[in-house]
Amino acid sequence: MNELPIIVISPLVAGFLAWLLRIRGVREIIGVAGSLIPLALLIKLYPSLGERLEFTINVAGFKLGLMLSHLTWVFSMIAAVVGFTAILGMISTARDNWEWLFALMSLTGVLGVFMAYDLITFFIAWEIMTFASFMMVLKYNRHASLKYFILSIVGAYAMLIAIGLIYAKTGTLTFPEVSVAFTQDAMRRMMGGSGLFTKTETMLIYGLFLLAFGVKAGMFPLHVWAPDAYSETNQSYTAMFSGVLSKAGVYGFILLYILMYGKLVVEFGHFRSAPTFGYIIAFLGGLTIIVGGILAALQEDIRKLFAYSSISQIGYILVGLGVGTALSIEAAIYHAISHALFKGLFFLIVATLIYRTGKTEFKDFGGLAEKMPYTFAMAFIAILSLAGIPPLVGFASKWLIFEAVIHENLPILGGMVFFGSAIGFVYLIRFTYAVWFGQRPSDLEGTKDAPLPLAIAMGILGALNVVFGVAPGIVAQELNKIFDKPVIAGNIWELDLGFGRYNGLLLTIWMVIGVLIAAIVYFLGANVRRVPVTDTYQSGNPITMEYNLTIRRNFFLPLREVMAFWLKISFDRLYHDIWKSIEDFAETARNYVYNGNVQAYAWYLAIILVILAAMGV
Amino acid sequence: MNQVASLLIALPLISAFFVPVLKQINKSLIKPYLVLITLIQTGIAGWVFKEVYTTGKPIIIYAGGWRPPIGINLYIGHFAALFVLIIAVVSFIMAIFSLKAVTTEPIDKYAMLFLLLMLGATGMIATGDIFNLFVFMEITAITAYALTAYNKTGEAAEASMKYIVLGGIGSSFFLVGVALLYGATGTLNMAQLAELANSINPIVAQVGLALIIFGLAVEAELFPLNAWAPDAYQAAPHPITAMFSAFVVKAGIYALARLLYLLQKASGWSSILRLLVIMATLTVVFAELSALRQKDVKRMIAYSSIGQVGLIALAFSLGTQAGVDAGVFHMVNHAIVKTLLFLAIGYVGIAMGGTTMENFEGLGKKMPLTALAITVAGAATVGVPLFNVFWSKLRIILATLQAGFFWAAVLVLFASVVEAVYYFRLIHRMWFMGGGIRIKEGVIAGILVILAAIIILIGVDPAPVWNIVVKAGSDIFNVANYVKNVPLVGVGS
Amino acid sequence: MLGVFLKALLIILYATLVGFMFMGIIRKVTARIQRRIGPPIYQPIIDTIKFLSKKENITHGVIYDFGIIFALGATILALMFIPLGGVSILRAYGDLILITFLLEIPMLGIMFAAMSSGNPYAGIGAQRALLTMLAIQVPLGFAIVALAEYYGTFSTYEIVMAQQAHGWSIFHLPLLLAAIAYDIVLQAMFGKEPFDIMTAPGEISLGPMVEFGGKHMGILQIQHAIGLFAETLFFSNIFLGGAVVTTFANSILNTLATLGILLIKQLAVLLLAIFISTIFPRFTIDQAARFYWKWPTIIAALGAILASL
C-alpha cells in the first residue's frame with residue numbers, strides 16, 4: 001500500500017519544511033500537520049489490517065520494505081499518538097527551528113523502526129532516530145548528549161555486526177526469511193545435527209542484540225544515558241523521547257522473539273518456566289525497576305526524577321517480555337502502551353511547569369495546585385495511573401504483568417515487580433508534595449495555567465488514560481489479535497485470565513459509591529472554614545510566610561542513608577572512567593606512533609619489510 | 001574520437017609548461033588560467049565518462065600507435081573514467097579556491113605543480129603499463145613533495161622532508177618489485193602480467209608483489225607507513241590538502257588494488273591479503289584515536305581522512321567482489337566529503353586567520369553556510385543515514401563480515417564511535433559555543449552548499465551512483481575481463 | 001440491585017461497628033497490660049460522634065477535604081472485595097493483588113490531604129509513612145507471591161475455598177513463613193509499635209494526622225476502623241482459613257456463624273498485634289527499613305521460593 005511510506009516520511013518532510021520556512025505561525029502548522037498525517041493514515045488503515053499491508057523498494061542493491069501488521073500497528077499508534085501530543089506541546093516550548101526538524105525526524109525514525117520489514121530498513125530507521133534525538137539534546141548539554149550518542153552508537157553498531165553476521169550466514173535480510181532460516185536451524189539442532197550458527201555465534205548475536213536494544217530501552221546497566229538525556233532537552237520532546245523512543249528498544253526485544261525464539265530456546269534451554277534468554281532479559285528488567293525507582297526517589301531535579309521513573313517503568317515491560325508466555329508478552333505490550341500514555345502526560349506536565357515557572361528543582365516549587373488547577377488535575381490522573389491505582393490504565397497493565405509473572409512461578413521476579421509499584425508511590429508523593437502542595441514561594445505568585453496547545457495535548461493523553469483504564473478490554477482485545485487467540489478473555493470492561501479477574505467498570509462504579517458514602521458522612525458534619533497555610537499546628541511557635549514550612553529538599557534522606565552502600569556503585573562512573581582511559585590511551589598511542597620523528601618512521605618501513613620477508617620465506 | 005581521451009594526459013602536461021610563458025605576459029593571468037585549464041579537463045573527463053558508461057567498453061589509447069605490450073597503452077575503463085572525472089572536478093573546485101587561498105609567491109610554480117599533480121594522479125589511474133604507473137607515481141610524489149613545502153614555513157619544510165624520505169624509500173622498493181616482475185615475465189604491460197602471473201616462480205612472484213604493495217602502501221597511507229601524512233596534510237596549502245585527500249591518496253589505493261587483483265594468481269596472495277587487512281584495520285583505529293585530542297581542526301580532519309582511507313583499503317583487501325564494490329563506493333563518497341571539509345576548513349582558515357579549535361567557535365553565527373556544510377559533512381563521515389557515507393560504510397561492514405573478518409569489523413566500528421565523538425564535539429563548538437557577527441560568504445560558500453546537497457542527495461537516493469560504482473568495481477575485480485579488453489600482440493614469454 | 005445495595009450498607013455498618021470495637025479493645029487491652037483500667041470498649045464510637053458533631057471545621061483547600069473522602073471511599077471499596085463469609089458482594093473479583101493495592105490507597109489519600117495542609121509535621125509524617133510502606137512492600141510482595149504460587153490462583157475466594165478442603169494455610173510450611181512475614185508487615189500497616197514511626201506520637205504530633213480535627217478526624221476514625229477490620233479480615237481469609245459455614249439450613253444462621261468464626265480469628269490477629277506493640281519501643285525509620293529488608297524479606301522470600309517448587 002502506498003500509504004506506508006507516506007506515514008513514515010511525512011514527519012521528516014514536514015520537519016524539513018518547518019526548518020526552512022522560519023516564519024513563526026507557518027512552521028507550527030506544518031509541524032503539527034506532519035505529525036497528524038501518520039496518525040490519520042494509521043487510523044484509516046486500521047480496518048484493512050487483516051490483509052498484509054506491504055511496501056518494498058529496491059535501493060542500491062538492498063530490498064527495503066515496510067509492513068503493517070497488528071503488532072506494528074499497535075506500536076506505530078503509540079508513536080503517532082504520543083508524538084502528536086508532544087509536537088502539540090512543542091508549539092509552546094520549542095525555541096528554534098532546529099528543534100522542529102529534529103523532533104519530526106526522530107518521529108520518522110521511530111515509525112520506520114516499527115514498520116520495518118527487513119533488517120536494513122530497521123537499522124537505517126534506528127540510526128535516524130538516534131541521530132535526531134541526539135541533536136535535540138546536543139544544544140542543551142554537550143556531555144549528556146555525547147554520553148547518549150556514544151552508548152546508542154555502540155548499541156547500534158553491535159546491532160550492525162549482528163545483522164552482518166546473520167547476513168553472512170543466511171544471505172537474506174527480510175524478517176520473514178530470517179525467521180524461517182532460524183527456525184530451520186533450530187529444528188536441525190533439535191534433530192541432533194549442527195546448524196548454520198554455532199552456539200557461540202548464537203550467544204554472540206543474542207548478546208549484541210541485547211546490547212543494542214538494552215541501550216535504547218534504558219535497561220540496567222546500560223541506562224546511564226537516560227537521566228541526563230531526558231532532562232537536558234526540550235521537555236515536550238521528552239514526552240516523545242521517553243514515551244516512544246524507548247519503545248523502539250522494547251520492540252527490538254519482541255523482534256528478537258519473532259526472529260530467533262526457536263533457535264535461542266534450543267540453544268540455551270529453559271530456566272524454571274521461562275526461556276533462559278528471556279529470563280536474563282527479565283532479571284535485568286527487574287533490576288532496572290529497582291535501581292530506577294530508588295534513584296528516582298532520591299532526585300532533586302524534577303526532570304531527573306521522571307527520567308529515572310521512565311527507566312524504572314521500562315523495567316516492568318522487560319520483565320513481562322522476558323517471561324515469554326503469550327500472556328506476559330501481551331501484558332508487556334499493554335504496559336508499553338500505558339507507559340507511553342502516562343509518561344507522555346507527565347513530561348508534558350513537566351514541560352508546562354518549567355515553561356510557566358522557569359524552575360527545575362524541587363526546592364523552588366511549591367503550592368501550585370491552586371494556581372494551575374487544570375495542570376494539577378492532569379497531574380492527578382497521571383499520578384494515579386503511574387502508581388497503579390484502579391481504575392486507571394496504569395493499574396490494568398501492572399496487574400496483568402503481576403498476574404502473568406507470578407503465574408509462571410517466578411518468585412524473585414514477582415517480588416521485584418511488587419517492590420517497583422511501591423517505589424512508584426514513593427517518588428510520586430515526592431513530586432506531588434514538593435510541587436503542588438504546601439507553601440508557595442513568593443516568586444511563583446504570578447504563575448498561570450497551561451497554555452492552550454499544551455492543555456489540549458495533556459487533555460488527550462489524560463482522557464486516554466481514563467478511558468483505557470475503565471474499559472481495559474478495548475486494548476486487550478486489540479492485543480489478542482496479535483496472537484490470534486483470546487489470551488485475555490472478557491469483554492471491554494473486564495479482563496479475565498482464568499485465574500484472576502479485573503473489571504474496570506465495576507470497580508469504577510463501586511469506587512464512586514464508596515466515595516459517595518464518605519461524602520455523605522462528610523457533609524453531615526458542619527460547614528468548613530478556609531484557613532491559610534500559616535495557621536497550622538506548630539507546637540506553639542508563631543510562624544509567618546517567611547519560614548519555609550515545606551520539606552522540599554532531600555525529602556528522602558533516610559532512604560539515602562539506608563541505601564548508602566549501594567549508591568556507591570555507579571555504572572555511570574564506570575563508563576566515564578572507561579571512556580577516559582580510552583582517550584588517554586589514544587593520546588599515548590598517538591605520541592608513540594606519530595611522534596614526528598622521521599627516523600622512527602623509516603624504522604616502521606623496515607619493520608613491515610621484515611614482516612613481509614618472514615611471511616614469504 | 002576516442003583519441004580525445006589522450007588529451008586527459010596531454011592537456012595538463014602542455015599547459016603546465018605553458019605557465020612560464022604566461023608569467024612573462026601577465027602574472028595575474030595565471031590563476032584564472034588554472035581555472036580555465038581545469039574546466040577544460042573537466043569537460044573532457046565528462047565526455048570520456050559518458051562514452052565509457054554508455055558504450056560499456058573501455059577506451060584504450062596506444063601511445064605512439066604501438067600496440068601493447070610493445071607500446072604503452074592507456075586503459076580508461078569504468079573505474080578510470082569515474083575517477084578521472086572526480087579528479088578533474090576536484091581540481092576545478094580547488095583552482096577556484098586557489099584564487100583566494102594561495103597568495104604565497106611564486107604563484108607560477110604553484111600553478112605548474114598544481115597541474116602536474118593533477119596529471120600525475122590522472123595518469124596513475126588511466127595507465128595500463130606498470131612502469132608507466134611508476135613514472136606517473138613519481139610525478140605525483142615529487143610535485144606533492146614540492147607543494148607540501150610551498151608555504152615556506154619551517155613546519156612545511158619539515159613535513160615535506162619526512163614525505164620525501166618515506167616516499168623515496170617506498171618508491172625505490174616499488175621499482176625493485178617491478179624489476180623483479182619484469183625479470184620474471186619479460187613484460188611491463190599490466191594485462192600481460194595478469195596472464196602470466198601463475199607461471200612465474202612463486203617466490204619471485206611473492207616477493208615482487210610484496211615489494212610493489214609495500215611501495216604503494218606508503219603513498220596509500222597505510223599504517224604504519226602513513227606517518228608522514230598528518231604533517232604533510234597540515235602544512236600544505238589548503239587547496240593542496242584537499243587534493244591530497246580527495247585523489248592523490250586514492251590514486252595510490254587504486255594502484256594498490258589494481259595490482260593486487262591483477263596478480264591474484266600469484267602464490268601467497270591470501271597471506272598478503274591478510275596482512276593488508278591487518279594494516280588497514282590498524283590504520284583506521286590509530287588514525288581515529290589520534291584525532292580525538294587534536295587542537296587543530298585541519299590536523300583532526302587529516303587524521304579522519306587517513307582513517308577513511310584505511311577503511312577503503314580494508315574493503316579492497318577482502319578479496320571479494322562485494323568488498324571491491326563497497327570500496328569504490330566509499331572512494332567516491334569520501335572524495336566528495338573530504339573535498340567539502342578541507343575546502344570549508346581552508347575557507348575558515350583564510351577568513352578567521354587559522355584553523356585551530358578556537359577559530360571555529362561560534363562559526364554557526366559568523367559563517368552559517370560554512371558551518372552547515374561542515375555539519376553535513378561531519379554527520380556524513382560518522383555514517384548517519386540520509387547521508388552518502390552511510391551506504392558505503394554499511395556495505396563495507398557487511399562485506400567484511402561476509403568475508404569472515406569479525407575482529408576487523410569490530411575494531412572499525414569502534415573507530416567509528418571515536419570518530420563520532422570528535423566530529424560532534426566540533427559541531428557543538430561551532431554552533432553552541434561563542435558567538436559573533438555574520439561575515440559575508442562568497443562563491444566558496446555556494447560551492448560548499450552544492451557539495452552538501454550532493455551528499456544528502458546521494459544519501460537519500462544512492463541507486464544511480466551505486467550502479468556506476470558496481471560497474472567500476474567489477475572493472476577492478478574482474479581481471480579476466482580486463483585482460484580480454486586489451487588487444488595484446490602475442491610476444492614471447 | 002436494591003438487595004446488593006442493602007447488603008453493601010449492612011457490610012459497611014457491620015465493619016464500622018466491629019472496627020470501632022477493635023479500636024476500643026486495643027485501648028482496653030493495652031491499658032490492662034499496663035495495669036490500668038482503660039476506657040470502655042465503646043469509647044471510640046463516642047469519640048467519633050463527638051468529632052462529627054463539632055460546630056466548626058477548618059480546611060486547607062479542596063484536596064484536604066477530598067483526600068479524606070477518597071481515603072474512606074477507597075477503604076469501603078476494598079472492603080467490598082474481601083470475602084466475608086457468604087455475604088461479600090464483589091468476591092468474584094477479589095483478586096489478591098487488587099485487594100493489597102486497594103488497602104494501600106487510603107494511605108495515599110490521607111497523605112495527599114495531610115500534605116496539602118502545609119504543616120511540616122505532616123510532611124515528615126508523610127515521608128516516614130511512605131518509607132515505611134516502601135519497606136513493607138518487599139516482604140509483602142513475597143508473601144503474596146507465595147500464596148499465589150501455592151494455590152495457583154489469585155482469587156481470595158478460591159483460596160478460602162481451598163483452605164476448607166486442605167486445611168488452614170499456616171499448616172503448610174511455605175505459607176507459614178509467608179504468614180509470619182505478613183504478620184510483621186501487619187504491624188506496620190496498623191501503625192502500631194515498633195513501627196509507628198509514621199505517627200510517632202510525642203515526636204511529631206501524630207504525623208500526617210496532626211492537622212485534622214472535627215469531622216475530618218471523624219472520617220479518619222471511621223476509615224481507621226474499617227481499615228482495621230478489612231486488614232484483619234484479609235489476613236484471616238488468606239492464612240487462617242476464612243470461614244464458610246454450611247451446616248445450618250437457614251442461610252441467616254449460616255451467615256451469623258461465619259461472621260462469628262471470622263470475628264474470633266480477627267480478634268486473634270488483633271490481640272497478637274496488641275501484645276507485640278505493648279512490649280516494643282519505636283524503631284526509627286531507617287532502622288525500620290533495614291529491619292524489613294532483612295529478616296521478614298528473607299523469610300517471605302524463602303516462603304515464596306518454597307511455594308513455587
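Me: What makes β7 of chain A and β1(C) a pair of strands, and in which sense do they run, parallel or antiparallel?

Reply: Strands, which are DSSP runs of E of at least two residues, numbered like the helices (H or I, at least four residues) from the N terminus, pair if DSSP finds at least two bridges between them. Strand β7 (residues 528–530) of chain A and β1(C) have 3 bridges in the parallel sense, so they are called paired. Within β1(C), Ile58(C) is the bridge partner of Arg529(A).

Me: Before going on, what kind of model is this, and how is it numbered?

Reply: This is a predicted model, in which local features need pLDDT of at least 70 and side-chain atom pairs count only at pLDDT 80 or more, whereas totals for chains, interfaces and linings use all residues; side-chain values use heavy atoms, with hydrogens and water left out. Residues are numbered from 1 along each chain as its sequence is written, and chains are lettered from A and ligands numbered from 1 in the order in which they are written.

Me: Why is the meeting of Arg529(A) and Glu56(C) called a salt bridge?

Reply: The term requires a side-chain nitrogen of Lys or Arg within 4 Å of a carboxyl oxygen of Asp or Glu. Across the interface of chain C and chain A, the rule finds 1 salt bridge.

Me: Which element gives the most to the side of chain C that touches chain A?

Reply: That is α5(C), with 18 residues. Counting contact as heavy atoms within 4.5 Å, 80 residues of chain C touch 74 residues of chain A.

Me: What makes Arg293(B) part of a salt bridge?

Reply: Its closest N and O atoms with Glu587(A) are 3.8 Å apart, so the pair falls under the same rule. The count between chain B and chain A is 4 salt bridges.

Me: How much area is buried between chain B and chain A?

Reply: Buried area, the accessible area (1.4 Å probe) that two parts lose on being put together, summed over both, is about 5,600 Å² for chain B and chain A, with 81% given by carbon and sulfur atoms. On the side of chain B, Arg293(B), Leu398(B) and Phe424(B) lose the most area to chain A, together 11% of what that side buries. For chain C and chain A the buried area is about 6,900 Å², 77% of it on carbon and sulfur atoms.
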